[in-house]
Amino acid sequence: MLPMSNLSPSPGTPMAASPLTRACLEIDEYAAGLGWDKPARLFALVDTARLKKQEPRLAGQLGLDQDDAGKSSLTPIEQDEVPKGTPLDKFLGTIAWPDAVVGCALTVERLMLPPSAEASVPEGLNDKQLSKWVASHPERQEVRLTVAVLRDGSRESAVRLREKDSSTEVLTGSGLVPGLAEALAATFS
């Protein structure tokens, strides 16, 4: 496991947000600091209080021994790099989490089209052809998706458009990326 260093709450994170929403936005802000055109990143979500008690050295490295004001009760810990060339669904199917992990999150960049473009999708395209068609569509948007799930079924997502790359422009919601949320939830089965 690779701890996320220098992670602090996003300036736009509402204090009343749930711990899962805060963790999701913290991961989005961390990924934003790394820039665009990056590979997918996987994170374990652990209970901060439990981590401080059971792993005080790691908690110290993460700066969790300091005042907890404004910090999430979930601590994201970045995992080893997602293998290049492995389809994301196949990779996620190989994951099993230890009991100490209460949730997980993934951040990934994708191209998206507005709902109005759905009617113009040519029929009969395979995945490769569809990807090429989307990449050449004039209304395509580059987005970074951050999806987080907990063992109890809770879900949260953050969507950041490349053209509006600001923490104040991040869209959040539990149902924004249902397919990816399902795939992440399945890693706890």
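Visitor: Which residue forms a salt bridge with Asp-37, and how far apart are the closest N and O atoms?

Guide: This is a predicted model. In it, Asp-37 pairs with Arg-162, and the closest N and O atoms are 3.1 Å apart. The limit for a salt bridge is 4 Å between a side-chain nitrogen of Lys or Arg and a carboxyl oxygen of Asp or Glu, so the pair qualifies.

Visitor: Why is Asp-37 called exposed, and what is Arg-162 called?

Guide: Asp-37 has a relative accessibility of 56%, and exposed means over 50%, so the term applies. Arg-162, at 30%, falls between the limits of 20% and 50% and is therefore partly exposed.

Visitor: How do you know that Arg-160 forms a salt bridge with Asp-28?

Guide: The closest N and O atoms of Arg-160 and Asp-28 are 2.6 Å apart. Because the cut-off is 4 Å, the pair counts as a salt bridge. Arg-160 is in strand β6 (residues 155-161) and Asp-28 in helix α1 (residues 19-34), so the bridge links parts 132 residues apart in sequence.

Visitor: Are Arg-160 and Asp-28 buried or exposed?

Guide: Arg-160 has a relative accessible area of 2%, and Asp-28 has 1% relative accessibility. Buried means under 20%, so both residues are buried.

Visitor: What makes Asp-28, Glu-29, Arg-160 and Asp-165 a network?

Guide: These residues are linked by salt bridges. In the whole structure, 8 salt bridges are found.

Visitor: How many disulfides does the structure hold?

Guide: The structure holds 0 disulfides. A disulfide requires two cysteine sulfur atoms within 2.5 Å. As for individual cysteines, Cys-24 is buried because its relative accessibility is 1%, and Cys-104 is buried because its value is 0%.

Visitor: Which residues touch the most other members of the largest nonpolar core?

Guide: Among its 29 residues, these are Leu-42, Leu-88, Trp-97, Leu-106, Leu-180 and Leu-184. At least two residues of this core come from each of β2 (41-47), α4 (88-92), β4, β5 (141-150) and α6 (178-185). Beyond its neighbours within four places in sequence, Leu-180 contacts Leu-88, Leu-92, Leu-106, Val-108 and Val-147. A separate core has 14 residues, including Ala-23, Leu-25, Ala-105 and Leu-150.

Visitor: Which residues form a nonpolar patch on the surface?

Guide: Val-121, Leu-125 and Leu-130 form this patch, with about 180 Å² of accessible area together. Leu-125 is located in the loop between β4 (101-112) and α5 (127-136).

Methods: Residues numbered from 1 in each chain as written. Predicted model: local features only at pLDDT ≥ 70, side-chain atom pairs only at ≥ 80, totals over all residues. Heavy atoms only, no water. Patch = residues over 30% accessible without salt bridge, like charges linked within 9 Å, V, L, I, M, F, W, Y side chains within 5 Å. Areas by Shrake-Rupley, 256 points an atom, 1.4 Å probe, with all protein chains shown as cover. Helix = DSSP H or I, 4+ residues; strand = E, 2+ residues; numbered from the N terminus. Buried < 20%, exposed > 50% of the residue type's maximum accessible area, 1.4 Å probe, protein only. Core = buried A, V, L, I, M, F, W, Y, C linked by side-chain atoms within 4.5 Å. Contact = heavy atoms within 4.5 Å.
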